[in-house]
Amino acid sequence: MSAAKSGLNLQALRGIGWRLWDPIGLNPDAEDRPLIDDEYDGYLLKVAGRMRSGASADECAAYLLDIEADGMGLGLPDEEASRHRAECTAIAIGALIEERK
């Protein structure tokens, strides 16, 4: 699902991803960020789509944890920190969806 189809502002969604999730630690303030700005788009759009289809923030946080651990192959060396980032990201995306209704 694209941001346009979801009715979401892609820049706002990216801001959430960079500010709250960023599991790779690519540093959103780096000068080369325009080259990597879309790094997490697919994952964030999937979370937004799932939430619009009725998934809970907990379910979406679990998806983000799975992506970080297995999809990206990072594992969860600090599971508590990873869980916190995923939960905050899912909650923020849910709030973004709610404000767009």
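Contact means heavy atoms within 4.5 Å. The model is predicted: local features need pLDDT of at least 70 and side-chain atom pairs count only at pLDDT 80 or more, while totals for chains, interfaces and linings use all residues. Residues are numbered from 1 along each chain as its sequence is written, and side-chain values use heavy atoms, with hydrogens and water left out.

**Exercise 1. Describe the chain as a whole.**

Step 1. Helices (H or I, at least four residues) and strands (E, at least two) are DSSP runs, numbered from the N terminus. The chain has 6 helices and 0 strands, and its pattern along the sequence is α-α-α-α-α-α.

Step 2. A residue is buried under 20% relative accessible area, exposed over 50% and partly exposed in between (1.4 Å probe, protein chains only). Of the 101 residues in the chain, 40% are buried.

Step 3. Among contacts between residues at least 6 apart in sequence, 59% join residues at least 24 apart.

**Exercise 2. Determine whether Thr89 is buried or exposed, and list its contacts.**

Step 1. Thr89 belongs to helix H6, residues 79–99.

Step 2. Thr89 is buried because its relative accessible area is 0%.

Step 3. Leaving aside residues up to four places away in sequence, Thr89 touches Ile16, Leu20, Trp21, Leu44 and Leu64.

Step 4. Arg83 also lies in helix H6, but Arg83 counts as partly exposed because its relative accessibility is 36%. The C-alpha atoms of Arg83 and Ala62 are 8.0 Å apart, although 21 residues separate the two along the chain.

**Exercise 3. Check the spans of H4 and H6.**

Step 1. The expected span of a helix is 1.5 Å times one less than its number of residues.

Step 2. Helix H4 (residues 41–52) has 12 residues and should therefore span 16 Å, in agreement with the 16 Å between its end C-alpha atoms.

Step 3. After H4 comes Gly54, with a positive phi near 105 degrees.

**Exercise 4. How does H4 pack against H6?**

Step 1. Two packed helices are described by the angle between their axes and the distance between the axes. Axes are lines fitted to C-alpha atoms, for helices over the stretch in contact, and angles run from 0 to 180 degrees between N-to-C directions.

Step 2. For H4 and H6 the angle is about 60 degrees and the axes are 10 Å apart. The two helices are therefore oblique to each other; angles under 35 degrees count as roughly parallel, over 145 as roughly antiparallel, 65 to 115 as roughly perpendicular and the rest as oblique.

Step 3. Leu44, Val47, Ala48, Met51 and Arg52 of H4 meet Thr89, Ala90, Ile93, Gly94 and Ile97 of H6. The contact of H4 with H6 comprises 7 nonpolar, 2 polar and 1 charged residues. Here Ala, Val, Leu, Ile, Met, Phe, Trp, Tyr, Cys and Pro count as nonpolar, Asp, Glu, Lys and Arg as charged, and the others, Gly among them, as polar.

**Exercise 5. State the packing of H5 against H6.**

Step 1. Helix H5 (residues 57–71) packs with H6 at an angle of about 130 degrees, and their axes are 8 Å apart. H5 is therefore oblique to H6.

Step 2. The H5 side of the contact includes Leu64, and the H6 side includes Thr89. By class, the contact of H5 with H6 holds 8 nonpolar, 2 polar and 4 charged residues.
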